[in-house]
Amino acid sequence: MREFVLDLVNYFEVFDLPKILGIDPGVLEKKFHELSRKYHPDFFTTSPAEDKQKALAMTSLLNDAYRTLRHPVRRVEYLLELEGFKSDGSKVPKSFLMEMFEINEQVEEVKSGAATPAQIEAVRSDIESRAARFDAQIEKESEEWDRLVNSHAPDAELGAQLSRLTELLSESSYIRNLERDLEGTA
């Protein structure tokens with residue numbers, strides 16, 4: 001009989017990976033496929049009902065874990081949640097909020113049909129540029145997290161890095177929302 005690891009709630013542990021953000025996508029995918037084959041419900045058709053249920057639960061856990069860890073931003077969000085950190089929009093600088101307010105007004109103008117093609121392109125380009133900058137910052141801060149973990153940095157340094165990642169994700173969520181709002185417009 002196979003051993004189920006359902007008591008693990010940490011997605012990193014499910015795949016036997018360290019809690020770092022620079023996960024090799026190929027390694028993650030390989031482990032996902034290995035575990036998916038091991039726990040596939042089809043292999044439990046003649047097993048007791050309890051084992052069938054555990055296989056289904058394990059398959060669901062594997063799918064959720066894989067979907068989360070394969071996406072860099074979701075991986076950061078998950079790590080922050082795991083470590084007890086939560087994005088907090090109240091800590092976003094006022095100047096940044098004012099910029100987002102102005103861009104949001106431009107997006108509303110685009111959505112209402114009142115913007116020219118040049119204005120639409122300018123708004124889209126501005127949002128894409130900001131999103132790319134946030135992605136680069138998230139990648140840089142993720143690399144710093146990995147460096148701290150690998151060097152066995154003190155908890156205070158790890159906590160400070162998680163705080164930086166939290167602030168960065170809080171700000172980037174505004175841009176992501178603007179990107180979503182702009183999708184599907186001319």
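Helix H6 (117-150) contributes six residues, the largest share, to the lining of the largest pocket. The model is predicted, so local features are reported only at pLDDT of at least 70 and side-chain atom pairs only at pLDDT 80 or more, whereas totals for chains, interfaces and linings use all residues. Residues are numbered from 1 along each chain as its sequence is written, and side-chain values use heavy atoms, with hydrogens and water left out.

The pocket is an open set of points on a 1 Å grid over the protein atoms alone, where a 1.4 Å probe fits, with protein on both sides within 12 Å along at least five of seven lines; its lining residues have an atom within 4 Å of a point. It holds about 220 Å³ of space, the volume being that filled by probe spheres set on the points. Besides H6, helix H4 (72-82) gives two or more residues to the lining. Among the lining residues are Leu21, Pro72, Arg75, Asp135, Ile138 and Asp146. By class, five are nonpolar, two polar and five charged, with Gly counted as polar.

Helix H5 (residues 94-112), like the other helices a DSSP run of H or I with at least four residues, spans 27 Å from its first C-alpha to its last. This is close to the 27 Å expected at 1.5 Å a residue, taken over one less than its number of residues. Phe96, Met100, Ile103, Val107 and Val110 are its buried residues (under 20% relative accessible area, 1.4 Å probe, protein chains only; exposed is over 50%). These residues lie on the same side of H5 because they cover an arc of only 70 degrees around the axis, judged by the directions from the helix axis to the C-beta atoms. The face turned away from that side carries the exposed residues Lys94, Ser95 and Ser112. H6 and helix H7 (155-182) are included in what covers the buried residues of H5, contact being heavy atoms within 4.5 Å. Just after H5, glycine 113 adopts a positive phi of about 90 degrees.
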